[in-house]
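Here is my note on the model you asked me to look over.

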Amino acid sequence: MVDGNYVVQHRSKGIMMNDGPHGLGSPLALACGQVLPNRLMKAALSEGLGSTSHAPDDRLTRLYTRWGAGGYGLVITGNVMVDRTHLGEPGNVVIEDDRDLDALSTWAKSTKDGGAPIWMQLNHPGRQANPLATRAKPVAPSAVASGVPGLPAPRALTESEILEIVDRFATAASVAESAGFDGVQIHGAHGYLVSQFLSPLSNRRDDRWGGDLDGRMRFLIEVVRAIRGAVSPGFAVGIKLNSADFQRGGFSEAESRDTVEHLAGEHIDLIEISGGSYESPAMMGRATVAASTAAREAYFLEYAREVRFAAGDVPLAVTGGFRTRQAMNLAVLQGECDVVGLGRPTTVMPDAAQQLIDSDVDRLDSPRITLGLPGALATLPALKALDGALDLQWHTDQLHILGGGGEPDPKRKAWRTAVTMIERNGIDAFRSRRG
């Protein structure tokens, strides 16, 4: 196994980069009336720190206290599920009603006390429900199995079940607002249920919820409208959307642009661009991207430039691949995106945003944790999935350390992560976890 080293390159004292009036440190006004204090966002990372009853507890409070004081203009939570019978992984927080309102309020307050607004990411796993945490048969738009190893085939949702899930998203958003969260982000990427409805590979329905893009988009639009109808005008509603599935015959960039254009008319406050699924994990840098995009660091920046017109006045966030302050600042200054999302680097440097804005660091390098397998072995699908699971779990371990009140451990050995994966979930733990 290869151990990861987390590298931070510090700026020489007294040297500051001039961001100008629209750089990383500048505020961003949203349509709902909220103003983000700067352009750096702590992107969603699945924490797996919910209690046995799927409520937030002291570990999440400790973790988000660190992020809340970390200088971010916006903090997005890890995915909160809307149905406790369908979970993305063990340890998910679930909102079905207001039974955990006090704990949710403490979670929101722990972040906001540090000066950062916090949005809750809402999700339903659909056919990506984790069999270690979900006893019910997984559901999906159509009875089409995922290509992720270990996931059982789903059954197709009925019309009444689809409408019930739409209502679940609205209920969860309403509870989140009551608890003091500033907004919600709908998870519409990475092969989860919203993404499954959008993709022609997983949605083969011939009713009003399938068929052409208008039909496949219907579930997402209804979720947005239901949430908007359940919350106040000043409560933010965002979405995380795939630029593409990176699968032949899947949700394409052209369809994504059309979806963005429709969303721009639905009172959306922020669209975060991502891509891929756990069958083709572009969001972890494991899909082929254009050379120009690779040179600019961010995986999805090229698409963001192309989708600008379709988004209209809706701000765009890009997460994935950004590592240098110069590249982040340039993307914002040139209008390629409005917000830069940081994910894995924040697990080892909770105050990454403050250090970037204060010009204390030039670069954030998150380690790639890998088995270090030679040649052809490293390209085998099962072993690539294993590498991906190990990498994600190593960063999740950092969240658990922070949640336990400790300091990040950048030199944590990869074999220790492998052992904890088995201890928590058995040998089937070596499936990619969701971020």
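1. Throughout this note, a residue is called buried under 20% relative accessible area, exposed over 50%, and partly exposed in between, with a 1.4 Å probe and protein chains only. Thr61 falls on the buried side of that scheme, with a relative accessible area of 19%. Its place is in helix α1, where helices (H or I, at least four residues) and strands (E, at least two) are DSSP runs numbered from the N terminus. Leaving out residues up to four places away in sequence, Thr61 touches Thr106 and Ser110, a contact being heavy atoms within 4.5 Å.

2. On the basis of the work: this is a predicted model, in which local features need pLDDT of at least 70 and side-chain atom pairs count only at pLDDT 80 or more, while totals for chains, interfaces and linings use all residues. Residues are numbered from 1 along each chain as its sequence is written, and side-chain values use heavy atoms, with hydrogens and water left out.

3. The structure holds 5 aromatic pairs; rings of Phe, Tyr and Trp (its six-membered ring) pair if their centres lie within 6.5 Å, and planes under 30 degrees apart count as stacked, over 60 as edge-to-face and the rest as tilted. Tyr64 and Trp107 make an edge-to-face pair, with 5.5 Å from centre to centre and 75° between the planes. Because Tyr64 lies in helix α1 (residues 58–68) and Trp107 in helix α2 (residues 101–112), this pair ties together parts that are 43 residues apart in sequence. Tyr64 is buried at a relative accessible area of 0%, and Trp107 likewise counts as buried at 0%.

4. Phe169 and Phe219 form an edge-to-face pair, at 6.5 Å centre to centre and 80° between the planes. Phe169 belongs to helix α3 (residues 159–178) and Phe219 to helix α5 (residues 213–230), so the pair ties together parts that are 50 residues apart in sequence. Phe169 counts as buried at 1% relative accessibility, and Phe219 counts as buried at 0%.

5. One aromatic cluster is formed by Tyr64, Trp67, Trp107 and Phe181. Lys42 lies over the face of Trp67, at 4.1 Å from the ring centre; for such a placement, NZ of Lys or CZ of Arg must be within 6 Å of the ring centre and within 35 degrees of the ring normal.

6. A nonpolar core is here a set of buried Ala, Val, Leu, Ile, Met, Phe, Trp, Tyr and Cys residues joined through side-chain atoms within 4.5 Å. The largest has 86 residues, and those with the most contacts inside it are Trp107, Met120, Leu122, Phe169, Ile186, Phe219 and Ile227. Apart from that core lies another of 14 residues, among them Leu28, Leu30, Ile76 and Ala317.

7. Where does His124 lie, and is it buried or exposed? His124 is in the loop between β7 (118–123) and β8 (139–140), and at 1% relative accessibility it counts as buried. Its C-alpha atom is separated by 7.1 Å from that of His86, 38 residues apart along the chain. Not counting residues up to four places away in sequence, His124 touches several residues, including Asp83, His86, Phe169 and Tyr192.

8. In strand β11 (residues 236–242), 7 of the 7 residues are buried, so the strand is largely enclosed by the rest of the structure. Ala236, Gly238, Lys240 and Asn242 point one way from β11, and Val237, Ile239 and Leu241 the other way. Strands pair if DSSP finds at least two bridges between them. β11 pairs in the parallel sense with strand β10 (residues 183–188) over 6 bridges, and with strand β12 (residues 270–274), again in the parallel sense, over 5 bridges. Gly238 in β11 is the bridge partner of Gln185, and Glu272 in β12 is that of Lys240.
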